[in-house]
Amino acid sequence: MPFANFKVPAGTVTTEDKKKLVERTTDLYAEIYGERARATTVVLIDEVVDGGWGVAGNVLTAAMLNGDDGGNGGNGDDNA
């Protein structure tokens, strides 16, 4: 059974976006594995709470992803 798990920042994708992710991912698996895979493809979209993940030792927030981190490089210190 093909399985895809998308982790996205909470509140950043609409219901329509989720529908597209599910449909297009299912189509991709069917293209790769054949139509038999379509009926068993599972797509999970996890919305991660703000500040619930990090990259390169920095906690990411929606503000950082949107470029609204106040110029502090995302370290939470406005004096940086």
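Not counting residues up to four places away in sequence, threonine 25 touches Ala4, Phe6, Lys20 and Val43, where contact means heavy atoms within 4.5 Å. Threonine 25 lies in helix 1; helices (H or I, at least four residues) and strands (E, at least two) are DSSP runs, numbered from the N terminus. With a relative accessible area of 10%, threonine 25 is buried. Here buried means under 20% relative accessible area, exposed over 50%, and partly exposed in between (1.4 Å probe, protein chains only). The side chain of threonine 25 also reaches the backbone oxygen of leucine 21, at 2.6 Å.

## Basis of the model and overall architecture

The model is predicted: local features need pLDDT of at least 70, side-chain atom pairs count only at pLDDT 80 or more, and totals for chains, interfaces and linings use all residues. Residues are numbered from 1 along each chain as its sequence is written, and side-chain values use heavy atoms, with hydrogens and water left out. The pLDDT, which is the predictor's confidence in each residue from 0 to 100, averages 87 over the protein chain, and 85% of the residues score at least 70. Among the elements, helix 1 (residues 15–33) has the highest mean pLDDT (98) and helix 2 (residues 62–65) the lowest (80).

The protein chain contains two helices and four strands, which follow the pattern β-α-β-β-β-α along the sequence. Of its 80 residues, 21% count as buried. Among contacts between residues at least 6 apart in sequence, 58% join residues at least 24 apart. The accessible surface of the protein chain comes to about 5500 Å², of which 53% belongs to carbon and sulfur atoms; such areas come from the Shrake-Rupley method with a 1.4 Å probe, and for residues only the protein chains shown count as cover.

## Salt bridges

Side chains of opposite charge can pair when their charged atoms come close. The structure holds five salt bridges, each defined as a side-chain nitrogen of Lys or Arg within 4 Å of a carboxyl oxygen of Asp or Glu. One of them joins the side chains of lysine 7 and aspartate 46 (3.0 Å, N to O). Lysine 7 lies in strand 1 (residues 3–9) and aspartate 46 in strand 2, so this pair ties together parts that are 39 residues apart in sequence. Both partners are partly exposed, lysine 7 at 48% relative accessibility and aspartate 46 at 22%.

Within helix 1, glutamate 23 and lysine 19 are four residues apart, or about one helical turn, and their side chains meet in a salt bridge (2.6 Å, N to O). Another salt bridge pairs arginine 38 with aspartate 27 (2.7 Å, N to O). Arginine 38 belongs to the loop between helix 1 and strand 2 and aspartate 27 to helix 1, so the pair ties together parts that are eleven residues apart in sequence. Salt bridges with shared partners join Asp27, Glu35 and Arg38 into one network.

## The loop between helix 1 and strand 2

Threonine 41 is placed in the loop between helix 1 and strand 2 (42–48) and is buried, with a relative accessible area of 14%. Its side chain reaches the backbone oxygen of alanine 37 at 2.7 Å. Leaving aside neighbours within four places in sequence, threonine 41 is in contact with Pro2, Thr26 and Tyr29.

Threonine 40 lies in the loop between helix 1 and strand 2 as well, but is partly exposed, at 37% relative accessible area. With neighbours within four places again left aside, threonine 40 is in contact with Met1 and Pro2.

Leucine 60 lies in strand 4 and counts as buried at 15% relative accessibility. Its contacts, beyond neighbours within four places in sequence, include Asp50, Trp53, Val55 and Leu65. Leucine 60 and proline 9 are 51 residues apart in sequence and 9.3 Å apart in space, C-alpha to C-alpha.

Most residues other than glycine have a negative phi. Alanine 56, by contrast, has a positive phi of about 55 degrees although it is not a glycine. Alanine 56 is found in the loop between strand 3 (53–55) and strand 4 (58–60) and is exposed, with a relative accessible area of 74%.

Definitions and conventions
A polar contact is a pair of N or O atoms within 3.5 Å; within protein, one must be able to donate a hydrogen and the other to accept it, and residues adjacent in sequence count only if both atoms are side-chain atoms.
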